[in-house]
Amino acid sequence: MNPDTLLSWQFWALLSAVFAALTAIFAKVGVADINSDLATFIRTVVVLMSLAVVLFATGQFATTGPISAKTWLFLVLSGLCTGASWLCYFRALKLGPATLVAPIDKLSVVLVALFAVVFLGERPSATHWLGIALIAAGAVIIVVK
């Protein structure tokens, strides 16, 4: 692995996918014997502590300047959506099989594409739309009986 690989968004996106997959498996086992909301809380505390360690260890805990109101607003909204997503995800894992919950959760990829077009003005290519459609189709095929 060369230094350029560590700086590529593709590397980090793939690593994110690996950790997300492990999250589903570990969460399914971890939520089996407790309330899903309590499980989400425990996970959140672990995430906060881990991130604090990373920020302190790398000297990134301080900002380089003031944080704008717009930045605060959108980070708070993102955090609220993350919390809602995690609560729903853990509840779904508590009630259903990980092999069905995770693909439905990945419909977020399709929604991101649609929201990015509407709200961010992004314009995926025809090839990208095909991939997005295949993700949607795959999720539907997996969950349809």
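Student: Is R91 buried, partly exposed or exposed?

Tutor: Buried means under 20% relative accessible area and exposed means over 50%, with partly exposed in between (1.4 Å probe, protein chains only). R91 has a relative accessibility of 38%, so it counts as partly exposed. Please note that this is a predicted model, in which local features need pLDDT of at least 70 and side-chain atom pairs count only at pLDDT 80 or more, while totals for chains, interfaces and linings use all residues. Residues are numbered from 1 along each chain as its sequence is written, and side-chain values use heavy atoms, with hydrogens and water left out.

Student: With which residue does the side chain of R91 meet in a salt bridge?

Tutor: Side chains of opposite charge can pair when their charged atoms come close. A salt bridge is a side-chain nitrogen of Lys or Arg within 4 Å of a carboxyl oxygen of Asp or Glu. R91 pairs with D37, at 3.0 Å from N to O. This pair links distant parts of the chain, 54 residues apart: R91 lies in helix α4 (residues 69-95) and D37 in helix α3 (residues 36-58). Helices here are DSSP runs (H or I, at least four residues), numbered from the N terminus. D37 is partly exposed, at 33% relative accessible area.

Student: How many salt bridges does the count give?

Tutor: The count is two. K106 also forms a salt bridge, with D105, and their closest N and O atoms are 3.1 Å apart. K106 is partly exposed at 36%, and D105 is partly exposed at 24%.

Student: How many disulfides are there?

Tutor: A disulfide is a pair of cysteine sulfur atoms within 2.5 Å. The count is zero. C81 is in no disulfide, the nearest cysteine sulfur being that of C88, 11 Å away. That distance is too far for a bond. C81 is exposed at 54%, and C88 is exposed at 53%.

Student: At what angle do the axes of helix α6 and helix α7 cross?

Tutor: Axes are lines fitted to C-alpha atoms, for helices over the stretch in contact, and angles run from 0 to 180 degrees between N-to-C directions. The axes of α6 (residues 107-120) and α7 (residues 126-143) cross at roughly 140° and come within 8 Å.

Student: Which residues make the contact?

Tutor: Contact means heavy atoms within 4.5 Å. Among the residues making it are L107, V110 and L114 of α6, and W129, I132 and A136 of α7.

Note on methods:
Helices (H or I, at least four residues) and strands (E, at least two) are DSSP runs, numbered from the N terminus.
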